[in-house]
Amino acid sequence: MHPLLNDIRLVTFDLDGTLVDSVPDLAAAVDAALADLDLAPPGEPRVRDWVGNGSLRLMERALRDALGRDPEAGLLARAHQGFLHHYGRDPSARTRLYPGVRQALDALHDRGLPLALVTNKPSAFIAPILEAFGLQAHFGLCLGGDSLAQKKPDPAPLLHVAAHFDVSPSACLMVGDSRHDIEAGRAAGFRTLAVPYGYNHGEPVRDSAPDGVVESLAELV
């Protein structure tokens, strides 16, 4: 196993940009929601830089880009509902697992190590994506961005996970692709591990000083 797993009793993963590349589905839903409002769709490359803070912030960024100004609350609410509608039709149609993910999750699960999922994605979309890849049984607890009052980079979701499994934060590992994952893990007292291939607003995740970086999650096992 990877040295960062030494003495670790619980591993918590981010979802988007860490386990799955969901941007193609997210971008399709953003484009459709803006088209419903007669606004120009931003396309996948721009959406890739906006992902990571939940769907409402995603649509706020998309509207700001389309309008050239901050959107009004009513327009943002309409756009967000449109996004949820379009994305909810099939949130895994174009989404793909990153290389090494299945190998890592299978090996950790087979060893009996508890696994949790903490994402800022709305919780309603977690199960359909995990089920599409046959991964729902790997995780003992899944939290979305609307599961608690706080979401990453606030440490509250990670502390909730540690308490749920009755594991000290110092024996927990947070695995993610963005500065928000690393900030949340550090603030919660978790060990932190980053992957460099995900969504971090165009910034190298190494700049957030995680405890370790792996090119593929297969390196964990």
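Visitor: Lys 121: buried or exposed?
Guide: Lys 121 is buried, at 6% relative accessibility. Buried means under 20% relative accessible area, exposed over 50%, and partly exposed in between (1.4 Å probe, protein chains only).

Visitor: What kind of model is this?
Guide: The model is predicted: local features need pLDDT of at least 70, side-chain atom pairs count only at pLDDT 80 or more, and totals for chains, interfaces and linings use all residues. Residues are numbered from 1 along each chain as its sequence is written, and side-chain values use heavy atoms, leaving out hydrogens and water.

Visitor: Which residue forms a salt bridge with Lys 121?
Guide: Asp 16 does, with the closest N and O atoms 3.1 Å apart. A salt bridge is a side-chain nitrogen of Lys or Arg within 4 Å of a carboxyl oxygen of Asp or Glu.

Visitor: Where do Lys 121 and Asp 16 lie?
Guide: Lys 121 lies in the loop between strand S4 (115–118) and helix H6 (126–132). Asp 16 lies in the loop between strand S1 (10–13) and strand S2 (20–21), so the pair ties together parts 105 residues apart in sequence. Helices (H or I, at least four residues) and strands (E, at least two) are DSSP runs, numbered from the N terminus.

Visitor: And Asp 16, buried or exposed?
Guide: Buried, at 9%.

Visitor: New topic. What does Arg 64 form with Asp 70?
Guide: A salt bridge, with the closest N and O atoms 2.6 Å apart. Arg 64 is partly exposed at 32%, while Asp 70 is exposed at 53%.

Visitor: How many salt bridges does the count come to?
Guide: Twelve, by this rule.
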